Amino acid sequence: DDNLINELVQKVYNAQGTYTESVDMVTAIFNDLWRGVNEGIADFDTPDQAFLDALRDNVSQFSSAKNYTMLRELNNALLDENGALVSWEDFQIAARKITGEYLKNYLKVEYSLAVNAAQMAAKWKQIMANADTLPLLRFDAVLDNRTTEICRPLDGIVLPIDHIFWKRFYPPNHYNCRSTVRQLSSGKVTADEKIVGVEIPAMFQTNLGERTLIFPPDHPYYIVTGK
């Protein structure tokens, strides 16, 4: 919303470094990302309230952390290299670049993650509900010219649901991850020595579904806020 961004930029400039929270912007970010969550769980049976509350809390915390990180960068743009307040015109140029990154470029990727992570969180609940009759999981990567070297080597791995592998490699394993898992009643389990080691971004080295999270706990926004 351009009006909301214009208002935010004006408030940051007027406050000269003391404006660190915008409830309206946090709400706008949350609403956008929550639409992604709802898109992700749309194909699953209606999850229980505790599940939805956990996802909502995570998206709310992430939205606040994102807003704080963006505002900190906006506040830093108020001063020039000599520590003097920049002109309103120069600040507007810098602010538009910053808000464009956070509210368009980054948010687009984060929305995609919200959809994917919500889908895989709902799938994890389904997996656990059927664990007695379908005790195995198979890693399914989408194999084409866009497949990453993170997910390609993992395609076809079959392991029990409670194998430690799934605590680290249950999708999503990176931004724009298209991999999923297939639940099986039986199959040939992959030997541990045949499980290849792959490099995965540190913040994705967790099972978001098992932890009922949308955004990884080690996301840089949380590091900035100290939460």
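E110 touches L33, F62, K66, F215 and Y221, not counting residues up to four places away in sequence; contact means heavy atoms within 4.5 Å. The residue sits in helix α4. At 3% relative accessibility, E110 counts as buried, a class defined as under 20% relative accessible area, with exposed over 50% and partly exposed in between (1.4 Å probe, protein chains only). Helices (H or I, at least four residues) and strands (E, at least two) are DSSP runs, numbered from the N terminus.

The model is predicted: local features need pLDDT of at least 70, side-chain atom pairs count only at pLDDT 80 or more, and totals for chains, interfaces and linings use all residues. Residues are numbered from 1 along each chain as its sequence is written, and side-chain values use heavy atoms, with hydrogens and water left out.

The largest nonpolar core has 68 residues. Such a core is a set of buried Ala, Val, Leu, Ile, Met, Phe, Trp, Tyr and Cys residues joined through side-chain atoms within 4.5 Å. F91, I214 and F215 have the most contacts inside it. Two or more core residues come from each of α1 (2-15), α2 (23-41), α3 (49-76), α4 (88-129), β1 (136-140), α5 (165-169) and α6 (220-225). Helix α4 gives the most, with 15 residues. In soluble globular proteins, nonpolar side chains tend to be buried together.

With neighbours within four places in sequence left aside, I214 is in contact with V37, L55, N58, V59, L113, A114, A117, A118 and L208. A77 lies in the loop between α3 and α4. It counts as buried because its relative accessibility is 18%. A77 and A95 are 18 residues apart in sequence and 7.3 Å apart in space, C-alpha to C-alpha.

Three strands form an open sheet in the order β2-β1-β3, with antiparallel pairing. Two strands pair if DSSP finds at least two bridges between them. The edge strands, β2 (158-160) and β3 (180-184), each pair on one side only. Neighbouring strands are turned by 30° against each other on average, direction ignored. Axes are lines fitted to C-alpha atoms, for helices over the stretch in contact, and angles run from 0 to 180 degrees between N-to-C directions. Helix α4 packs on the sheet and touches β1 and β3; its direction makes about 10° with that of β3.

β1 and β2 pair over 3 bridges, and β1 and β3 over 5 bridges. L137 stands opposite L159 in β2. L136 has P160 as its bridge partner in β2 and stands opposite L184 in β3. β1 is mostly covered, with 4 of its 5 residues buried.

The largest pocket has a volume of about 170 Å³. On a 1 Å grid over the protein atoms alone, a pocket is an open set of points where a 1.4 Å probe fits, with protein on both sides within 12 Å along at least five of seven lines; lining residues have an atom within 4 Å of a point. Grid points are joined across faces, edges and corners, and the volume is the space filled by probe spheres set on the points. The lining consists of D1, D2, L4, I5, M25, A28, I29, D32, L103, K104 and L107. α1, α2 and α4 each supply at least two lining residues. The largest share, 4 residues, comes from α2.
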